[in-house]
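This report is written for a reader new to the structure. Please look at the sequence and the model before reading on.

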Amino acid sequence: MNSAPTSPLTPSTSPRFAILVAGGSGTRMGAGRPKQFLELLGEPVLLHTLRRFTEAALRVQECVVVLPPDQFASWQELCEQHQVTIPHTVVAGGHSRWASVRNGLAHLQGQAAGTVAVHDGVRPLVSAAVIEATFAAAEAHGAAIAAVAPKDSVRSVSQQGSFALDRSRLRLVQTPQCFELTLLQRAYQLPELSAFTDDASVVEDLHPIQLVPGDYRNLKITTPEDLVLAEALLRSSIH
Ligand SMILES: Nc1ccn([C@@H]2O[C@H](COP(=O)(O)OP(=O)(O)OP(=O)(O)O)[C@@H](O)[C@H]2O)c(=O)n1
Ligand SMILES: C[C@](O)(CO)[C@H](O)COP(=O)(O)O
């Protein structure tokens with residue numbers, strides 16, 4: 001029997017997984033502890049992110065949280081302090097974001113099928129709408145990522161000088177980045193290239209990437225002013 005095509009009226013029932021990568025050390029933040037553990041309105045950045053992915057309507061079956069191997073105890077302490085009861089699996093990260101994603105994926109090796117979202121643990125303001133839209137696009141097309149148009153003019157720079165780029169042809173890439181699980185597993189068996197800064201770059205030689213409208217509020221907490229902006233957005237009515 002042929003199965004019906006996926007549409008917004010017939011949501012996919014294939015399992016959904018999430019890998020929240022939080023295995024970095026936050027050198028650009030320079031805070032003395034990993035930025036994913038810094039407080040944002042009284043709660044760790046990573047806890048905000050975990051809450052967003054475990055909203056029931058999103059139907060995420062398992063959340064894998066990737067942490068620096070020497071930070072398991074700190075996260076455990078934070079979970080106790082904030083009485084976190086949200087189920088999640090903790091996995092050790094690697095020397096790069098690529099290695100951390102690969103380790104998170106290894107935990108899902110036993111799963112036969114499904115769709116997996118990879119999301120930066122330091123993007124705590126991601127909305128359920130963007131997560132749902134990215135999952136749905138990946139369920140329909142195999143690979144989908146959230147992205148937004150640049151608001152500023154953009155130039156390409158080199159030692160010879162600089163020149164203007166046509167920003168209407170550019171997009172700023174965010175996470176979540178969602179993939180058919182076996183596709184992402186195949187992509188992460190390819191050799192690592194140090195140029196990979198996101199998952200779409202790892203997958204794109206194997207499969208076309210769909211772009212889904214992201215959200216300007218989906219900040220990546222990278223430098224100190226990002227925390228101030230994130231806090232202001234959370235306090236306002238527009239988060
Ligand atoms: N070895 C690494 C490096 C990064 N990440 C994660 O990938 C996301 C995006 O990376 P980035 O913002 O660069 O985080 P850091 O590597 O911590 O920051 P920095 O580059 O300033 O050191 C973050 O959630 C980070 O924790 C990871 O899981 N494992
Ligand atoms: C994955 C990402 O957040 C998409 O914008 C970004 O590429 C991560 O880059 P970073 O250099 O690791 O911060």
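## Model and confidence

This is a predicted model, in which local features need pLDDT of at least 70, side-chain atom pairs count only at pLDDT 80 or more, and totals for chains, interfaces and linings use all residues. Residues are numbered from 1 along each chain as its sequence is written, while chains are lettered from A and ligands numbered from 1 in the order in which they are written.

The average pLDDT (the predictor's confidence in each residue, from 0 to 100) is 94 for the chain, and 94% of the residues score at least 70. Over residues 1-6 pLDDT stays under 50. The model has an ipTM of 0.98 and a pTM of 0.95.

## Helix H4

Helices (H or I, at least four residues) and strands (E, at least two) are DSSP runs, numbered from the N terminus. Helix H4, residues 128-141, has 14 residues and reaches 20 Å from its first C-alpha to its last. That is close to the 20 Å expected at 1.5 Å a residue, where the expected span is 1.5 Å times one less than the number of residues. Gly-142, with a positive phi near 100 degrees, follows H4.

A residue is buried if 20 or more other C-beta atoms lie within 10 Å of its own, exposed if 12 or fewer, and partly exposed in between, with C-beta atoms placed from the backbone. Val-130, Ile-131 and Phe-135 are among the buried residues of H4. Their cover includes helix H1 (45-53) and strand E6 (115-120).

## The nonpolar core

A nonpolar core is a set of buried Ala, Val, Leu, Ile, Met, Phe, Trp, Tyr and Cys residues joined through C-beta atoms within 7 Å. The largest has 53 residues, and Ile-19, Leu-20, Val-66 and Val-116 have the most contacts inside it. H4 gives the largest share of this core, six residues.

## Ser-127

Ser-127 lies in the loop between E6 and H4. Ser-127 counts as partly exposed because it has 16 C-beta neighbours inside 10 Å. Its C-alpha atom is separated by 9.0 Å from that of Phe-53, 74 residues apart along the chain.

## The ligands

A residue is near a molecule if its C-beta atom, placed from the backbone, lies within 6 Å of it. Of the 21 residues around ligand 1, Val-21, Gly-23, Gly-24, Arg-28 and Ser-100 come nearest.

The residues around ligand 2 include Arg-97, Asp-120 and Lys-220. Strand E10 (residues 172-180) gives the most to this shell, with three residues.

Terms used
Two residues are in contact if their C-beta atoms, placed from the backbone, lie within 7 Å.
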